[in-house]
Amino acid sequence: MERKQVGAREVVVPGDLLDDGGMRPGNGAYVLDGRIYASRLGVRNVSSGTVGVIPLRGRYMPAPGDMVLGMIVDIGPSNWLVDINSPYPAPLHVNEVPWKVEFGDTSRFLKIGDMIMAKILMVDESMKVQVTMNDSGLRKLEGGRIVEISHSKVSRVIGKSGSMIQMVKNMTDCRIFVGQNGRIWVDGEANEAGVTVEAIKMIEREAQTSNLTERVREFIGSKIGPAEE
Amino acid sequence: MSGQSDLELVNKKGIRLDGRKAGELRDIKIEAGVLKNADGSAYVEIGKNKVRAAVYGPRECHPRHLQDPTKAIIQCKYNMMAFSVSDRKRPGPDRRSVEISKIIAEALESVVLTELYPRASIDVYIEILQANAGTRCAGLTAASVALADAGIPMRDIIPAVAVGKADGKVLLDLNKEEDNFGQADVPIALIPKTDEIVLLQMDGNMTRDEFDNAIEMGVAACHEIYEKQKDALRRRYSAALKEVEADE
């Protein structure tokens with residue numbers, strides 16, 4: 001493997017030198033005496049003059065616009081508290097759900113333990129998070145199952161412009177929703193859903209390798225046959 | 001630190017009880033990511049010391065009143081197992097472990113970018129499985145590898161080592177006998193990039209010259225340990241890459 005080449009895969013640890021001048025610091029990088037160092041464990045990444053680190057580990061941090069899967073953990077008279085797999089719980093206000101909810105009537109709509117699809121509405125500088133369900137396609141999830149993976153592997157599960165997830169959906173005929181927070185909802189026939197869950201775990205395990213889409217296709221093919229009748 | 005013993009800690013040739021020279025470290029083994037359920041973990045062996053560290057977080061700060069709206073807090077628990085020393089150690093926190101927890105947490109706070117996680121808490125647990133002098137240094141060395149393994153943003157990884165004086169000579173990385181019967185014990189931890197010292201204690205006494213000499217020795221040794229820490233993290237993550245590439 002060629003090293004030092006732009007975009008080359010290289011594992012960096014906190015304190016490693018990323019660049020000594022010329023580039024701008026991106027995510028996971030900090031500047032000391034004009035040099036750029038890594039601030040977290042990950043893979044060095046260079047794009048258009050910016051050098052940063054793609055994290056390999058770490059918690060999900062909510063960003064506005066992210067689609068996430070959340071679990072209701074507490075109910076108030078005018079809001080629910082949603083666990084979105086980040087260090088911070090996110091309140092969901094009654095104004096942000098697609099139903100008309102009377103004051104104090106919140107528990108009729110969502111109960112503790114319910115899974116919902118939600119969008120991060122805003123995150124302020126003190127990391128107060130708000131989520132909303134007022135967007136197309138957002139709803140309470142009924143049935144199916146949840147797989148949890150590291151949020152840093154989510155982009156791999158989705159693939160380039162959705163190629164990976166589309167392939168898995170087509171082959172298994174399952175309904176899948178991938179949250180940016182690393183939670184994935186899978187619903188379909190018991191056998192197919194089981195294979196889908198295994199395929200997702202395989203993608204997480206082998207996220208750093210090339211030609212993964214092909215191998216996942218083979219894997220699913222070997223379990224349930226190559227194509228639909 | 002009694003200093004009274006017939007034991008010859010350093011012989012005429014300048015060789016110590018375990019065969020080391022004055023400025024030599026004990027054998028070090030570091031492994032990252034040894035626990036599955038923690039967000040990050042590390043295992044460190046320094047001579048006969050065996051230490052395991054686990055990191056959880058950033059997560060919601062539990063006793064709510066400890067929350068800081070401007071940054072994350074680091075909560076550290078240093079604990080010695082009952083079987084870690086030759087006389088059974090009475091389990092539970094005591095004055096010594098509370099002190100060590102506090103200084104380790106403060107040392108870590110100086111490198112972790114806590115401002116990124118307001119109101120959160122980063123929890124570090126250090127378990128001493130076997131003790132042979134210098135466990136706070138081994139614990140801090142393990143904790144900083146575990147923090148990096150947990151993907152927590154930090155400026156640098158902290159190595160730590162103890163320097164001391166026994167039989168009137170300045171020695172690096174004291175072992176049990178040198179610690180018990182020597183004249184001084186000085187644990188040092190620093191940020192290798194800037195050589196900023198983040199932990200420094202002294203038990204016993206040394207002259208000014210001896211102290212300067214000790215610090216110099218400690219700083220050099222820390223840089224040596226630092227390389228091993230980085231190597232442990234790289235090994236862990238490039239192994240994952242290789243494993244999968246072999247499958248293809």
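## Helix packing, sheets and the chain contact

The model is predicted.

The two helices are α1, residues 95-109, and α2, residues 135-149, both of chain B. Their axes come within 11 Å and cross at roughly 40 degrees. α1(B) and α2(B) are therefore oblique to each other. The crossing of α1(B) past α2(B) is right-handed.

Chain A has a helix pair to set beside this one. Helix α2 of chain A spans residues 163-172, and helix α3 of chain A spans residues 190-205. Their axes cross at roughly 160 degrees and come within 10 Å. The angle makes α2(A) roughly antiparallel to α3(A), because angles over 145 degrees count as such. On the α2(A) side, the contact uses A:M164, A:V168 and A:T172. On the α3(A) side, it uses A:E192, A:V195, A:T196, A:A199 and A:I203. Five of these residues are nonpolar, two are polar and one is charged. α2(A) passes α3(A) in a right-handed crossing.

| Helix pair | Axes come within | Crossing angle |
|---|---|---|
| α1(B) and α2(B) | 11 Å | roughly 40 degrees |
| α2(A) and α3(A) | 10 Å | roughly 160 degrees |

Next, the sheets of chain A. One is an open sheet of three strands in the order β14-β16-β15, paired antiparallel. β14 (145-148) and β15 (175-178) stand at the edges. Each has a single partner strand, so one side of each is left without a neighbour in the sheet. From one strand to the next, the twist averages 20 degrees. β15(A) joins β16(A), residues 183-187, in the antiparallel sense over four bridges. Within that pairing, which residue of β16(A) is the bridge partner of A:I176? The partner is A:V186.

A second open sheet of chain A has three strands in the order β2-β5-β4, again with antiparallel pairing. Its edge strands are β2 (17-19) and β4 (29-32), each pairing on one side only. Neighbouring strands here are turned by 45 degrees against each other on average, direction ignored. Two bridges link β2(A) to β5(A), residues 35-38, in the antiparallel sense. A:L17 stands opposite A:Y37 of β5(A).

Back in chain B, strands β6 (residues 160-166) and β7 (residues 169-172) run antiparallel and are joined by four bridges. B:K165 stands opposite B:V170 in β7(B). β6(B) and β7(B) form a hairpin with two residues between the strands. In this hairpin, B:D167 takes a positive phi near 50 degrees.

Now the wider layout. Chain A is divided into domain 1 (11-55), domain 2 (67-141) and domain 3 (145-224). The centres of domain 1 and domain 3 of chain A, taken over C-alpha atoms, are separated by 30 Å.

The two chains also touch. How many residues of chain A are in contact with chain B? The contact involves 22 residues of chain A and 31 residues of chain B. On the chain A side, eleven of the residues are nonpolar, seven are polar and four are charged.

Methods:
Residues are numbered from 1 along each chain as its sequence is written. Chains are lettered from A and ligands numbered from 1 in the order in which they are written. This is a predicted model: local features need pLDDT of at least 70, side-chain atom pairs count only at pLDDT 80 or more; totals for chains, interfaces and linings use all residues. Two residues are in contact if their C-beta atoms, placed from the backbone, lie within 7 Å. Ala, Val, Leu, Ile, Met, Phe, Trp, Tyr, Cys and Pro count as nonpolar, Asp, Glu, Lys and Arg as charged, and the others, Gly among them, as polar. Domain bounds come from an automatic or database domain assignment. Two strands pair if DSSP finds at least two bridges between them. Axes are lines fitted to C-alpha atoms, for helices over the stretch in contact, and angles run from 0 to 180 degrees between N-to-C directions. Angles under 35 degrees count as roughly parallel, over 145 as roughly antiparallel, 65 to 115 as roughly perpendicular and the rest as oblique. A crossing is left-handed if the near helix is turned anticlockwise from the far one by less than a right angle, and right-handed if clockwise.
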